[in-house]
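Student: I am new to this structure. Please take a close look at one part, the aromatic rings and their surroundings.

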Amino acid sequence: MCPLDPLREAASADESSEIRSSHSLLVLESALDGHKVSPPNHPPICRLPVELLIRIFHEVLSEPMSVPFGCAQLWYLGHICIRWRLIISSEMPLLWSTIELNFRLSARAARLSHHSTEIIRVCFERTRDCLLTIAFTCPSDVGATTRDDWLRCLDTLVGVSNRWKAIDLFIPITVLSRLVPAKGRLDSLQTLSLSLEPQNARSLPHAMDVFEDAPKLTSVTMSSHLSFDSFRLPWNQLAIYRTQRMEVRNCIEILRLTPNLHALHAKLERPRGNILGEYASSDSGQLGALLPISHQSLKSLSINVLMRPEHEHELFQDLLPVPSNPDRSKQSQIVFPSLFDFRLATGPGSLANFAALSLAESCFGSSLTKVTIRSVFDAPADYLGAREFLLGLPMVRQLAFGVCFHHNQDVVNILYEILSPPSPSSSGSIGEVVLPKLEVLVLDINYDDSQGLFMPSWVMDPMKEMIRSRRRSDFARLYGCVPLEKFHLYLASWNTPRQPFSKGLEELREEGFEIRVLRGLAAQL
C-alpha cells in the first residue's frame, strides 16, 4: 500500500466535502490497491507500453504544475491505477520540472499554502536532475500566515538554484535579499523575469549582484529598469532585454553595454533632462564616450511609449551622430545596420518627428523589412509625416499599421492615399511609391461608428481601390515595385460586424493573393 504523500494530502484537501466525508483514507488506499494491472481483465489502454503512455501523459498534462492550487491533473491520473501512478511519479521527471507557485491573496491560498513547501520538495525529488522552470508569484498584500509559508517556499527554491533554467519572480522588493545564497550557483540559468513591488522602483536599497555571475543568462525581463549600480547583470552576454519602464538615457546605455543583444523591447518614460544638451556641454574627452554607436547585432527593436506625445523620436535623435561641422549629411551613420523588425507605438503627431530624423539614412540599413506602427489616432493631422516616414523605409516588405481609432470618412482616406501608388502627373512624370517592396499589409482599424450589416461606401471603396492599385499587372512595370501578396484586416472593435468586410473583399480574392478578416489586435507590442 502506497503511503499518503504531500501531493495526495494537498489534492484531498481540495476535493468536495461529499467525497471527503464518504471515503476514509483506508478506503481510498484499498481502492488504489485494487487497481493493480492484471491483464487481460483491464482495458487495452492499461496494457500500452510505458513509452507510449508517457507521450500521451505529456500531451494531457501540457500545463505546468501549479502550487498550491493545481495538483488536480497529476493527482487524477495517479488515481487510475498503481501503474499509472508509478509512471507519473518515477518515469516522467520533465513533468515535474515546470512549476508555478502562486500565493495571491485568497481564502483557498491560505488554506492550502501550508502544504506548498512539502509539495515542491516532492516535485524536486521526482525531477531527478532535470533543470527547473519556475514561476513564483507572491504580492506584498498576503496575510502573515501565508507570508511565512511562501517565504519558506522561496528559501526552498533558492536551495536548488543550481538547477534553475528559467526563473520568473513576482515578489516585494523587501525580500529580494533572500536570493543572495544563489550567488555563484546559477551556472544553468538562461532566462530571468523579475517583477518587483513597488513596480515603479528605480533602484534597490542594497546592490544586488546575484545574477551578474550567470554564464548562460541571455534573456532578461524586468518590470522596471533598475539602476546599473544597484542591479547588476552580465550585460555583455545578453541577447534579449525587456522592460516595462525605462528612460531614454538608460536605453542608450544598454545599447552600449550589450554588443550581443538581438532584441530590445522597452516602454519608455519621459526623459529626465536633455541628453543632447549633455553632449553639447561635455568636454572633448567625455564627448568621445557619448558618441553614437553602431549596434551590429540588434535585429528586433520594440519601442512603446509612456511619455507625452512627440518624445518617442528622442531616442533616435540622441543616437544620431553629434555633428562636428555644419554639413550634417556627411556625418550620417547607420546605427542599427542588422535590424529587420522595428515596432513603434507612437503618440499623436509623432510620425512627423520621426520623418524629420531621416531614419533610413541615419539609423536603419537595408535589413529592415518588417515594421509595426501602433496607436495612430483619429485626427487627420496625426498622419502628418506618415508618408515621409514610410518613404524613408524602401526595403520594408511587411507593414502592420493600427490601431486607428474611430475612423470616419475624413480619416480613413488619408491612410489609403498614403499606401496607394501616385497617379502620373500631366507631364507624364511618376511620383515615388511608398514601400515599393511591400508584400504583406496588416491593418488594425476601428470602425466603431459603422454599424449594421452593410458598410458604407466610404469604408469599403478606398480600401479595395488601394488593394487593386498594388495588385495591378502594370504596378511593377510602371513603378518597379512588387505586388501585394497578403492583406489581413483586424477589426479592433467587437461592435463592428465582420461579415460585411469578408463579403466586400471576396471579389478581390485570386490565386496567389491571401485576404483574411479577423477580430482583435494584430500588432501587439
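Tutor: Trp235 counts as buried because its relative accessibility is 9%. Buried means under 20% relative accessible area, exposed over 50%, and partly exposed in between, with a 1.4 Å probe and protein chains only. Tyr241 is buried too, at 1% relative accessibility.

This is a predicted model: local features need pLDDT of at least 70, side-chain atom pairs count only at pLDDT 80 or more, and totals for chains, interfaces and linings use all residues. Residues are numbered from 1 along each chain as its sequence is written, and side-chain values use heavy atoms, without hydrogens or water. The predictor's confidence in each residue, pLDDT, runs from 0 to 100. Its mean for the protein is 75, and 66% of the residues reach 70 or more.

Now the rings. The structure holds 6 aromatic pairs. Rings of Phe, Tyr and Trp (its six-membered ring) pair if their centres lie within 6.5 Å; planes under 30 degrees apart are stacked, over 60 edge-to-face, the rest tilted. Trp235 and Tyr241 are edge-to-face, because their ring centres are 5.2 Å apart and their planes stand at 65°. Ring pairs join Phe228 to Trp235 and Tyr241 in a cluster.

Tyr241 also belongs to the largest nonpolar core, which has 118 residues. Such a core is a set of buried Ala, Val, Leu, Ile, Met, Phe, Trp, Tyr and Cys residues joined through side-chain atoms within 4.5 Å. Tyr241 is among the members that touch the most others, a group including Phe231 and Trp164.
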